[in-house]
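Open the model in your viewer and keep the selection panel at hand. The tour goes from stop to stop, with a selection at each.

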Amino acid sequence: MRQSRYRSRVAVMLCAASATMGLAACGGDDGGTAQLNWYINPDGQDTLAAIADRCSTDDYNIAIQLLPASATDQRTQLARRLAAEDSSTDLMSLDPVFVAEFANAGWLERFPDDVAGRVVDDDVLSGAADTVQWDDGVYAAPQWANTQVVWYRKSLAEAAGLDMEQPVTWDQIIDAAAENNGTVGVQANRYEAYTVWINAMVLGAGGDIVSNTEAGREAQVDIDSEAGTAAAEIIAKLADSEARQPDFTVSNEGTSLGRMFPADPDAPGGAGEFMLNWTFVYKNYEGQVSDEEFADLGWARYPQTIEGQDSKPPIGGIDIGVGAYSEHTDFALEAAECITDADAQTELAVNDGLMPARQSAYESSELQEAYDPSLLELFQVSIEEGGPRPKSAFYSQISSAIQSVWHSPTAVDPATTPQESATFLRDVLDGRRLL
């Protein structure tokens, strides 16, 4: 069993429980075994529980606490605890986009230089390493790195005459699906993933939603641009296309999964789909569909917004933060290193399709056996060359403001939506309008 390399800097006088949260928050140097509460999102629960058990020591046990399913609800629950200076929030699984906000609010422990040097060493893919840094400091440890690719039926692409070995555009896959009884799966419900889609298309056209985000509320709003218009044109085209899926306006990561292998090929959309989705898709279908169907599953880089201009695949995943009000900060920092090590990342990828942030994990024999080599390469390239959502202490407001104007996707108008959303976002950041 691993032994603590740190000494808790907080003298714990009594074993107490949080009156407001009802969670144990005591033990450690006074002779007891401390409990570290780790708030996780629902992905890979069994694997995470095993990792928590492996990373517990004689000094502390890591207890799993479950967060809601959506990123927005996860943020809300954690923010409420941390705003109340909750000492029982020791470790937390964070969507990368919230690291800046939480660090700026003083809710995350800044990793000491020696720890920071280990959790974002040269083994960590650059796209993932960037997500944990804010204001010249490291405030979390990358645990797994997510990205999106085009999942598709090879037979559908072949019928459309698309060479998926070459870059494809959004226009091409929408047209190919519409003309060959297929569909295009996206995330267009009014939630965080819709902002992910819009942001990726704007980045792919060489623009951004906002810039100079270090200025906080004074950040520059850029979405009223040619890039914003290009993104709106794609949404409007899909909304008006026969490739649109029936639940388009409320679609999410799970709703389009069943449309890849329809039972009736002659029914509407029966030829399958081009689906933009995260890395978990491969494991979702493996062993769940016939061998013939699984052999027909293809993957390719995220579509180009502008033909000939490299796409910017979305960057996601989970970073592990340490609560600033934890009574066992040093224990939690040590635990954060353990639960994000290469072995833990390999386990999550093999068991749950949650891909590593560390290069060495991709090179492990376990992953080489579990995945097609071309898919592992595609994931790594997408993470390295992808594009993040705006890194801002006000990201939550930025995302909600974008969703407010761009939803419903069937109402998106390239001539007006980018300008309207820029005006609304500017007003929100300036405090003139409420979300």
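**Stop 1: a bridge to begin with.** Select K391 and D130. Their side chains form a salt bridge, with the closest N and O atoms 3.3 Å apart. The term salt bridge here means a side-chain nitrogen of Lys or Arg within 4 Å of a carboxyl oxygen of Asp or Glu.

Before moving on, some ground rules. This is a predicted model, where local features need pLDDT of at least 70, side-chain atom pairs count only at pLDDT 80 or more, and totals for chains, interfaces and linings use all residues. Residues are numbered from 1 along each chain as its sequence is written, and side-chain values use heavy atoms, with hydrogens and water left out.

**Stop 2: the two domains.** Colour 34-146 + 316-385 as domain 1, and 147-313 + 390-430 as domain 2. These bounds come from an automatic or database domain assignment. The C-alpha centres of the two domains are 26 Å apart. Domain 1 puts 29 residues into the contact, and domain 2 puts in 23 residues; contact means heavy atoms within 4.5 Å. About 2,200 Å² is buried between the domains, 61% of it on carbon and sulfur atoms. Buried area is the accessible area (1.4 Å probe) that two parts lose on being put together, summed over both.

**Stop 3: polar links across the interface.** Two salt bridges are counted between domain 1 and domain 2. Seven residue pairs are in polar contact across the interface, both residues at pLDDT 80 or more. A polar contact is a pair of N or O atoms within 3.5 Å; within protein, one must be able to donate a hydrogen and the other to accept it, and residues adjacent in sequence count only if both atoms are side-chain atoms.

Now show the face of domain 1 that touches domain 2. Elements giving two or more residues to this face are α2 (71-83), α3 (99-104), β4 (133-134), β6 (141-147), α13 (342-352) and α16 (373-385). Helices (H or I, at least four residues) and strands (E, at least two) are DSSP runs, numbered from the N terminus. Select α16: this helix gives the largest share of the face, eight residues.

**Stop 4: R301 and E385.** Select this pair. Their side chains meet in a salt bridge at 2.6 Å, N to O. R301 sits in the loop between β12 (297-300) and β13 (315-322), while E385 is in helix α16, 84 residues away. R301 is partly exposed, because its relative accessibility is 24%. The classes are buried (under 20% relative accessible area), exposed (over 50%) and partly exposed in between (1.4 Å probe, protein chains only). E385, at 38%, is partly exposed too.

**Stop 5: R118 and E337.** Which helix holds E337? Select α12 (residues 329-339) to find it. Its salt-bridge partner is R118, with the closest N and O atoms 2.8 Å apart. R118 lies in helix α4 (residues 113-119), 219 residues from E337. E337 counts as buried because its relative accessible area is 14%. R118 is partly exposed at 34%.

**Stop 6: G182.** Go to the loop between α7 (170-179) and β8 (183-185), where G182 is found. G182 is buried, with a relative accessible area of 4%. Leaving aside neighbours within four places in sequence, its contacts include L156, E242 and G269.

Select D86 and R81, whose closest N and O atoms are 3.7 Å apart in a salt bridge. Both residues are buried. Finish with R426, D427, D430, R432 and R433, which are linked in a network of salt bridges.
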